[in-house]
Amino acid sequence: MGMSYLILAGGIMLASWLVSSTLKSKFEFYSKLHLQNGMSGREIAEKMLADHGIYDVKVISVEGQLTDHYNPTDKTVNLSEAVYNQRNAAAAAVAAHECGHAVQHATAYSMLTLRSQLVPVVNVASTYMQWILLAGILMLRTFPQLLLVGIVIFAATTLFSIVTLPVEYDASNRALAWLENKNMLTQEEQAGAKDSLKWAARTYVVAALGSIATLLYYISIFNNRR
């Protein structure tokens, strides 16, 4: 499987680069599409939360780029400075998407609950996983069980990547439905928001595929140890 995996890994790396490059160009383009309603990302987020009857979630600004996220622990929608302050289609899409996660939390969306339960497992796994896998490969002939432990740990991170997919797509669908139903955007702005979120979601698809391919690679090493 060695050569096959290298070809597959190369294809996934290329796909990841293409998706990331396209996503960056899309957000740059739609960041120039200013909203006719004049609302900032913060205002979009606060209105979406209020329209869903959510009043215990705060919208705050955080430093950096692509740092936007929803934190279910302290119930905060964290928007990067650009998204928080700017008034364009890209900012509206990201702000509404993160609020989509808040709506998931408020309605006890099952996949978000599962992903949250996996977070502490993945945090521990990411700390030791690579060392266990490396040691498992080096000691494959004498102690193959160590690699099996590493595979089980890596499988947990792969499961997290897979569970993330419906969570992210559902949050985007909630965001776009709200933006459209409340007539928050013009047709052009709505199309831009949809296109932005579509490419953002594809980054998670590529990540999941890469994780699955790597898991299969480690399994093949274990199965072919003799």
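These legends describe close-up views of a predicted model. Local features need pLDDT of at least 70, side-chain atom pairs count only at pLDDT 80 or more, and totals for chains, interfaces and linings use all residues. Residues are numbered from 1 along each chain as its sequence is written, and side-chain values use heavy atoms, with hydrogens and water left out.

**View 1. Y55 in the loop between α2 and β1.** The loop runs between α2 (41-51) and β1 (58-62). Helices (H or I, at least four residues) and strands (E, at least two) are DSSP runs, numbered from the N terminus. Y55 is exposed, at 67% relative accessible area. Buried means under 20%, exposed over 50%, partly exposed in between (1.4 Å probe, protein chains only). A polar atom of the Y55 side chain lies 3.5 Å from the backbone oxygen of A50.

**View 2. A salt-bridge network around R42.** A salt bridge is a side-chain nitrogen of Lys or Arg within 4 Å of a carboxyl oxygen of Asp or Glu. The count by this rule is nine. R42, E43, E46 and R87 form one linked network. R42 meets E43 at 3.9 Å, N to O, and E46 at 3.0 Å. E46 and R42 both lie in helix α2, four residues apart, about one turn. R42 is partly exposed at 26%, E43 at 25% and E46 at 35%.

**View 3. The E168–R115 salt bridge.** The two side chains meet at 3.1 Å, N to O. E168 lies in α6 (residues 144-181) and R115 in α5 (residues 110-138), so the pair ties together parts 53 residues apart in sequence. Both E168 and R115 are buried.

**View 4. The largest pocket.** A pocket, on a 1 Å grid over the protein atoms alone, is an open set of points where a 1.4 Å probe fits, with protein on both sides within 12 Å along at least five of seven lines; lining residues have an atom within 4 Å of a point. The volume is about 630 Å³, taken as the space filled by probe spheres set on the points. Of 24 lining residues, D68, H69, E98, E168 and Y204 lie nearest the centre. The largest share of the lining, five residues, comes from α7.

**View 5. The second largest pocket.** About 460 Å³ of space lies here. The lining has 17 residues; F27, S31, Q65, L66 and A82 lie nearest the centre. Helix α1 gives the largest share, four residues.

Terms used. A polar contact is a pair of N or O atoms within 3.5 Å; within protein, one must be able to donate a hydrogen and the other to accept it, and residues adjacent in sequence count only if both atoms are side-chain atoms.
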